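Subject: Handover of a structure

Hello,

I am passing this structure on to you.

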Amino acid sequence: MLHAVEVKPDVYWVGGVDWNERNFHGYTTDRGSTYNAYLIMDEHPTLIDTCKPAFAGELLERVREVVDPACIEHVVANHVEQDHSGALPAICELAPNARIYASAPHGVSGLAAHYGDRNYVPVKTGDTLGIGKRTLSFTQTMMVHWPDNMATYSDIDRILFSNDAFGQHYASSKHFDDEVGLPEVLAQAKKYYANIVMPYSRHVQRALGALEGLDIDVIAPSHGVIWRSHVPEVMEVYERWSSLRPENYAVVVYDSMWHTTEAMAHEILEAFIERGVPARLFDLKANHISDIMTEVLTAKYVAVGSPTLNNGMLPTVAAFLCYLKGLSPKAGWQGRVGIPFGSYGWGTNGPDEVADVLATCGFDLALGTLSHQWIEDAASLEKLQEVVASAVGR
Ligand code: FEO
């Protein structure tokens, strides 16, 4: 078993490692995940967050390496979701007098709904808790990504316990960003942002503003590795991702029946590349929607293709668009160009339905829907080239 890990003097990682998690609410987690909890050994021992119920035993073993769990006086529950609060009953059984700090009102009401009446203490932004030499301060990070989310800052350690923010679904025997390597951690953080945090980007901007005054040396999230060497880098990408500023980049997503929509997808891909716009192609039969969303996060151009099947779009495309719609920022995709396309036999419903969903998501569809009847030919492919040329010129 991995042991408790000292993050800073008297601050320990004691979380759970979920090596085999492969699907987190529809998001493929190829590298598993961790549910990070942190134990601060001050005059009043304090536990920051817990873990999924199934990992309570693991967490308690790690706590016992440092202190008898009965000595825990405070538990900070930064977030109600069960991957971070699920071991609260196990902790409370061993430390029945521990006080549980959660945000007001949603944190406390959410915990009560899950675990019944306990020693909850509601806190809000600016509230502090002295635990000995250290003072913890709380910042509500509402809707990043639930109403109850908050972050906790330890002044002496200059650690921000950020909960889901800055996390990555990444299980490893390494615990720190510099041990894993920046490109790998950033790639995992980007997938996490795109699939969990993206719809709330406006709230992320607000939360970044609220955290601005803190002198942060370490960011200790509730999933994945701890940021100790690349704090400025992850703050910068969060600022960039949450701004939803697009990059000059195209994503082409499709499924096909008899290869016409596929031929259109390839033509659109080539048209972007020929005009100097980097582009990637995703056949929905071969790619998971959560990997595609990671690319959509920063793409200026999003082309989505479906032929017509049974008077509508293909179910694979519908599933992708349902996921895209759920993750689309509430304020829309300002400046992002959507390109619906696809083939049909006698009814254009397939590509038309794609267009309807892209419009609902907030893409700019000024270039129209590229529908083609039956088999592609030179003229229809040329038309796609022209549309991409006008898209790039926009
Ligand atoms: Fe990792 Fe919102 O829970």
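The notes below cover the domains, the nonpolar cores, the pockets and some backbone details.

This is a predicted model, in which local features need pLDDT of at least 70 and side-chain atom pairs count only at pLDDT 80 or more, while totals for chains, interfaces and linings use all residues. Residues are numbered from 1 along each chain as its sequence is written, and side-chain values use heavy atoms, with hydrogens and water left out.

Domains

The protein is divided into domain 1 (5-243) and domain 2 (250-389); such bounds come from an automatic or database domain assignment. Taken over C-alpha atoms, the centres of domain 1 and domain 2 are 38 Å apart. Where they meet, 13 residues of domain 1 are in contact with 15 residues of domain 2 (contact means heavy atoms within 4.5 Å).

Nonpolar cores

A nonpolar core is a set of buried Ala, Val, Leu, Ile, Met, Phe, Trp, Tyr and Cys residues joined through side-chain atoms within 4.5 Å. Buried means under 20% relative accessible area, exposed over 50%, and partly exposed in between, with a 1.4 Å probe and protein chains only.

The largest nonpolar core has 60 residues, and those touching the most other members are Phe166, Trp227, Tyr238, Val296, Phe320, Leu321 and Leu324. Helix α6 gives the most to this core, with nine residues (helices, H or I, have at least four residues and strands, E, at least two; both are DSSP runs numbered from the N terminus). Domain 1 and domain 2 each supply at least three residues of this core. A second, separate core of 32 residues includes Ala37, Phe55, Ile100 and Leu111.

Leaving out residues up to four places away in sequence, Tyr238 touches residues including Phe166, Tyr192, Tyr193 and Leu208.

Pockets

On a 1 Å grid over the protein atoms alone, a pocket is an open set of points where a 1.4 Å probe fits, with protein on both sides within 12 Å along at least five of seven lines; lining residues have an atom within 4 Å of a point. Grid points are joined across faces, edges and corners, and a volume is the space filled by probe spheres set on the points.

The largest pocket holds about 330 Å³. It is lined by 19 residues, with Met257, Thr308, Tyr344, Gly345 and Trp374 closest to its centre. The lining divides into eight nonpolar, eleven polar and no charged residues (Ala, Val, Leu, Ile, Met, Phe, Trp, Tyr, Cys and Pro count as nonpolar, Asp, Glu, Lys and Arg as charged, and the others, Gly among them, as polar).

The second largest pocket has about 200 Å³. Among its 16 lining residues, His25, His145, Asn195, Ile196 and Leu327 lie nearest the centre. Both domain 1 and domain 2 give residues to this lining, so the second largest pocket lies between them. Its lining has eight nonpolar, five polar and three charged residues.

Backbone details

Most residues other than glycine have a negative phi, and most peptide bonds are trans. A cis peptide bond joins Ala104 and Pro105, with omega about 0 degrees. The bond from Val144 to His145 is also cis, with omega near 10 degrees.

Asn163, in strand β15 (residues 159-163), has a positive phi near 55 degrees and is buried at 1% relative accessible area. Asn310 has a positive phi of about 50 degrees and is exposed, at 72% relative accessibility.

Regards
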